[in-house]
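Hi,

Here is the structure I promised to pass on. Have a look first, and my notes follow below.

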Amino acid sequence: MSELPDEDPDPTDALSAVPGAGSRRAPVRGMLRFCYGPMDCGKSTLALQIDHNHARQGRRGLLLVRHDRSGEPRITSRIGITRRAVEVHADTDIRRLIREEWVAGRHVDYLIVDEAQFLSPAQVEQLGELADEVQIDVYCFGIATDFQSRLFPGARRLFELADELQPVQVEVLCWCGAPGRFNARVSDGEVLREGDTVLVADTGPGVLESTTSSQPESNLATLRYQVLCRRHFRLGDLGPAAGQRGQLRLT
């Protein structure tokens, strides 16, 4: 019998499932989870807490992030907790990242992915493949909708593929006291309705990172986000003393 000629290695070859001992009625696989909520609800804090809990049990994880508010490859929480992470770029193949870890002798039991809404649909599919084929547990955290109240492409694919969808339970309030769910982009006291989908700023004044925005730097410097209820998001109403306050929230 002749052997097949050598071919260029498939970058996903290392992701074949680990052979099981004996037959199984159901394949063992990892879980793909998506925890979502508006800004300021504690998603990054929860991500770091889950990483801490798994690491205490001897599991090894890899922290990934896309466009953190700090502008650095870190997962940062507004309560001051921070951890270094691997930055995922637009052309990053997440399966290749895992393969590189394995080649270096570092096993990966789970992934923590913060700002997952900024992933491409293809990268979300890669996360599903990692969960199914190599039994990696994947925890994604992010915002569901953009400043126009439309689903981010990455978030939409997570809603379609995730095994578990979990809204973060820390309630964020609009200035009126009603539950806030909409992330309004604000410039000079006005709610913006047009602009780049990805423009990274925080809930306080000042831009931390922009993408391909063509807006003048003077305009970017005044940008912030504010969480509103549906009614006040629709009306563009930032509330009394809008220039002095951010959103009202439970802490």
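Two strands count as paired if DSSP finds at least two bridges between them, and strands (E, at least two residues) and helices (H or I, at least four) are DSSP runs numbered from the N terminus. Before the details: this is a predicted model, where local features need pLDDT of at least 70, side-chain atom pairs count only at pLDDT 80 or more, and totals for chains, interfaces and linings use all residues. Residues are numbered from 1 along each chain as its sequence is written, and side-chain values use heavy atoms, with hydrogens and water left out.

On to the sheet. Asn 183 has Val 227 in E13 as its bridge partner. Strand E9 (residues 182-187) pairs with E13 over six bridges, antiparallel. The open sheet has three strands in the order E10-E9-E13, with antiparallel pairing. E10 (190-191) and E13 (223-228) are the edge strands, each pairing on one side only.

Then the helices. H2 (residues 94-103) packs with H3 (residues 121-134) at about 45°, the axes being 8 Å apart; axes are lines fitted to C-alpha atoms over the stretch in contact, and angles run from 0 to 180 degrees between N-to-C directions. That makes H2 oblique to H3 (under 35 degrees is roughly parallel, over 145 roughly antiparallel, 65 to 115 roughly perpendicular, the rest oblique). Contact (heavy atoms within 4.5 Å) involves, among others, Ile 94, Ile 98 and Trp 102 of H2 and Leu 127, Leu 130 and Val 134 of H3.

Cheers
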